[in-house]
Amino acid sequence: HTTHRHRTARILLLDIETSLMKFYGFSQKVEYIPHELMIQDWSVLCWGAKWLFEPEIMGEVVTPEESMAREDRRILSGIWDLIDQADICVTQNGIQFDLKKLRSRFLLAGLNPPSKYMNVDTLKVSKEVFGWSYNRLDALGLKFGIGKKSDMEIEDWIRCSEGSQEHLTKMI
């Protein structure tokens, strides 16, 4: 009698939020802003993640001081560890945003790339497989009766960059 062990994939759902970049400019209509005009680059404000079919929602957010200094190293190791354990990461626009941004910040923080994983980007799947009128997470959530995500305004990102604990808490 042979016993077969079935290994199930570890599927991680993840999302990040980043800070705004700050620039100098001569016009509000500039299409390309040279790097010399950048005052402050972006950083990761917070991340949230959850293993599929497990109840715990995990996440970390920078402190007000870290937000103002664009310092996210302290919170990167937690999401790096989770991605490193994942066989599949599920994101919304992760191909163009979340995963690229995380890889950039991991490199700057001196972290090696996490172990190989597959990415399922729900935005890409929605556009390529279905014919929805809108592919945004809010629109899809409403369509499936899940509801919409928290309302965030540009003011929330501005206040985060100014170190508002209230807005950083709202962001996570």
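**Exercise 1.** Does Cys 160 count as buried or exposed?

*Solution.* The model is predicted: local features need pLDDT of at least 70, side-chain atom pairs count only at pLDDT 80 or more, and totals for chains, interfaces and linings use all residues. Residues are numbered from 1 along each chain as its sequence is written, and side-chain values use heavy atoms, with hydrogens and water left out. Buried means under 20% relative accessible area, exposed over 50%, and partly exposed in between (1.4 Å probe, protein chains only). Cys 160 has 0% relative accessibility and therefore counts as buried.

**Exercise 2.** Describe the largest nonpolar core and the surroundings of Leu 82.

*Solution.* A nonpolar core is a set of buried Ala, Val, Leu, Ile, Met, Phe, Trp, Tyr and Cys residues joined through side-chain atoms within 4.5 Å. The largest one has 27 residues, and Leu 82 is among those with the most contacts inside it. Elements giving two or more residues to this core include strand 1 (11–18) and helix 2 (73–85); helices (H or I, at least four residues) and strands (E, at least two) are DSSP runs, numbered from the N terminus. Leaving aside residues up to four places away in sequence, Leu 82 touches Leu 12, Trp 47, Ala 49, Trp 51 and Met 58, where contact means heavy atoms within 4.5 Å.
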